[in-house]
Amino acid sequence: MIRSTLIALVATTSLGGCALLSSPDPVQNYRFGSPSLAPAAEPGPNTPQVVLRRVEFPSAVEGDRILGVTGTETAYIKGARWVSPAEDLYSESLENAFATQATRVRAIGAREVVQGGQTLDIDIRAFEARYDAPGATPTAVISARAQLLALPGREVKAERTFTIQQPASENRVGAIVEAFDRATSDLNSQIVAWTEQNAN
C-alpha cells in the first residue's frame, strides 16, 4: 500500500513538473529607429558641440515592453517586445539622426569622453500606442521635452516640447512598430533642426 501511494505521488509530481516546464507563449522582438546610410557633411573645426545626455523615459515604458493605452486603461501588447530597452534604442536613433542630418552642430554621444559648451536634455513624456476604442487601429504617440543648456552653469538656452502622432496602418503589431519607427524618425529630425537653430 505504501509502495503504491509513493508511486502515485511521484507520478503526480512528475506531471506537475511538466506543466511548470511547458513552453511559454512565443515573443517576437522588434526595433525602431533604423539609421540612415547617408552621413551628413563633416562639421568644421569651429562647429558648436552639443553633449547628448542620457534620454529619460517614463517608468511605464522603460525596458522592452510596448505600451498600449485606451482611454484611462493601459496594457502591454502581448507577444511583442523591443529587442533592447526602448530608451537605449531611442538614444541610438537620436545619435544616428545627428550623425546623418546635422551640418551646423556636432553631437557628442553619452559614451564619448569629450567636453562641450552645451548639453541637450531629452525627457520623453509619452511613448505609447493609443487606441480610440478597444480593437481600433492605434496611433503611435511620442511626446518629448527638449532643453538646450549652457555649461557649466546649466542655464536654459532654449526649451521646447515636441509631440508626434503617427497612425498605424492597421491594428497589427508589425504595423504598430512601423508607426513607432516613422514617429521616431520625424521627432529626431525636428530635434536636430531645432538644436541647430538654437546652439552656438
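User: Which residues does Glu87 touch, leaving out residues up to four places away in sequence?
Analyst: This is a predicted model, in which local features need pLDDT of at least 70, side-chain atom pairs count only at pLDDT 80 or more, and totals for chains, interfaces and linings use all residues. Residues are numbered from 1 along each chain as its sequence is written, and side-chain values use heavy atoms, with hydrogens and water left out. Contact means heavy atoms within 4.5 Å. By that rule Glu87 touches Arg54, Val55, Phe57, Val61, Glu62 and Gly63.

User: How far from Glu87 is the nearest side chain of opposite charge?
Analyst: Glu87 is buried, a term for under 20% relative accessible area, with exposed over 50% and partly exposed in between (1.4 Å probe, protein chains only). A salt bridge requires a side-chain nitrogen of Lys or Arg within 4 Å of a carboxyl oxygen of Asp or Glu. Glu87 has no salt bridge, and the nearest side chain of opposite charge, Arg54, lies at 4.2 Å.

User: Which residue forms a salt bridge with Arg54?
Analyst: Side chains of opposite charge can pair when their charged atoms come close. For Arg54, the closest N and O atoms of the pair are 3.6 Å apart, and the partner is Asp88.

User: Is Asp88 buried, exposed or partly exposed?
Analyst: The relative accessibility of Asp88 is 35%. Asp88 therefore counts as partly exposed.

User: What is the N to O distance in the salt bridge of Arg31 and Glu92?
Analyst: Arg31 is partly exposed at 36% relative accessibility, and Glu92 is partly exposed at 40%. Their side chains meet with an N to O distance of 3.9 Å.

Methods
Lys and Arg count as positive and Asp and Glu as negative; His and the chain ends are not counted.
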